[in-house]
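Visitor: Could you walk me through this model, one question at a time?
Guide: Gladly! Here it is.

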Amino acid sequence: MTFTTKTKKKRSSFSAWIQKENVAGYVFSLPFIFGFLMFMVIPMGLSFYYSFCRYDIQTPTIWIGLGNYIEIFTDDPTFRKSLMVTCYYALIGTPLKVIFALIVALILNHETRAVPIYRATYYLPSIIGGSVAVAILWRRIFESNGTINAILGNIFPFLQGYNWFSEGPAIWVLILLTVWQFGSSMLIFLSALKQIPRELYEASYVDGANGSKKFWRVTLPLLTPTIFFNLVQQTINSFLAFTQCKLITNGDPRKSTLFYTVYQYQKAFPAVGKSQMGYASALAWIMLVIISAVTAFLFWTRNKWVYED
């Protein structure tokens, strides 16, 4: 009886301790739970509801069912134009960014005293790249009397006063900006390079492999999971790009740089006329479906080229 009583007391004290731990965990989790509900779940639910309504913020909502979606797909050429521009930006900019980050990571994958300084320097654009100041500075660099024309004009006289924001090259100005922000992908590649066993390089050296064969047969296959991660992450970021287009070109000229997110913003907060928040909400949910489909496609191709062993 005494042993049973002691066992029950231990169990009760242990359960009380567990309950205290649970309470403490819930208390410390409350800020995240509150923020997640208030700034993620509830706004997403409202956005989904408004996508089926005619809503301009100032007047009560009017339920119109699939009206916004039908108009988007059947009577909105700007939607198709902005989607094509965004897909082009993601299709060109994302691979270039990942490739450039990999090249710089391979160059910096050496143990010297100056390497930490170089790593911090190359990572800096990723920290400040999305800021308003950088976007304005980037526009100033590529203006007709900007730094780029001042440098290239001395080498190629025909480029003096060249308009980089004309319909052709304007999108490439934005692509160059996103490629310049390769720092985060570069650090991820550096971490992955440090995880490759040195024994594999030594074995390949014994087998007579040179530098290029070591890269193609050892380094690249072992980096494919990291390449896949960076590819998915940067693809999503490209589809959601906003600041570059809004501040540098605002979709001009002739909507050749009109990103999807900027078009959505223009519908929600137009410079002239009433807001079309319901229409913008429908655009947001369409983009969610597109990003999900692209991500699912990338995961579907994973087994074909990603080395998982």
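Guide: First a definition: buried means under 20% relative accessible area, exposed over 50%, and partly exposed in between, with a 1.4 Å probe and protein chains only. This is a predicted model, where local features need pLDDT of at least 70 and side-chain atom pairs count only at pLDDT 80 or more, while totals for chains, interfaces and linings use all residues. Residues are numbered from 1 along each chain as its sequence is written, and side-chain values use heavy atoms, leaving out hydrogens and water.

Visitor: Is Ser 185 buried or exposed?
Guide: Ser 185 sits in helix α8, residues 183-194; helices (H or I, at least four residues) and strands (E, at least two) are DSSP runs, numbered from the N terminus. Because its relative accessibility is 0%, Ser 185 counts as buried.

Visitor: Which residues is Ser 185 in contact with, leaving aside neighbours within four places in sequence?
Guide: Contact means heavy atoms within 4.5 Å. With those neighbours left aside, the partners of Ser 185 are Ala 101, Asn 230 and Gln 234.

Visitor: And how far is Asn 230 from Lys 97 in space, C-alpha to C-alpha?
Guide: Asn 230 belongs to helix α10 and is buried, with a relative accessible area of 0%. Beyond four places in sequence, its contacts are Val 98, Ser 185, Ile 188 and Phe 189. Asn 230 and Lys 97 are 133 residues apart in sequence, yet their C-alpha distance is 9.5 Å.

Visitor: Where in α10 does a kink lie?
Guide: The expected span of a helix is 1.5 Å times one less than its number of residues. For the 29 residues of α10 (residues 211-239), a straight helix would span 42 Å, but the end C-alpha atoms are only 36 Å apart. The bend at a residue is the angle between axes fitted to the seven residues ending there and the seven starting there. A kink of about 50° is found shortly before the proline Pro 225, at Thr 224.

Visitor: Which helices do the buried residues of α7 pack against?
Guide: Helix α7 (residues 170-180) has 8 of its 11 residues buried, so it is largely enclosed by the rest of the structure. Among those buried are Ile 171, Leu 174 and Thr 178. They pack against α3 (77-108), α5 (132-141) and α11 (243-249).

Visitor: What is the relative accessibility of Arg 254?
Guide: Arg 254 is in the loop between α11 and α12, and has a positive phi of about 50° although it is not a glycine. Arg 254 counts as exposed because its relative accessibility is 67%.
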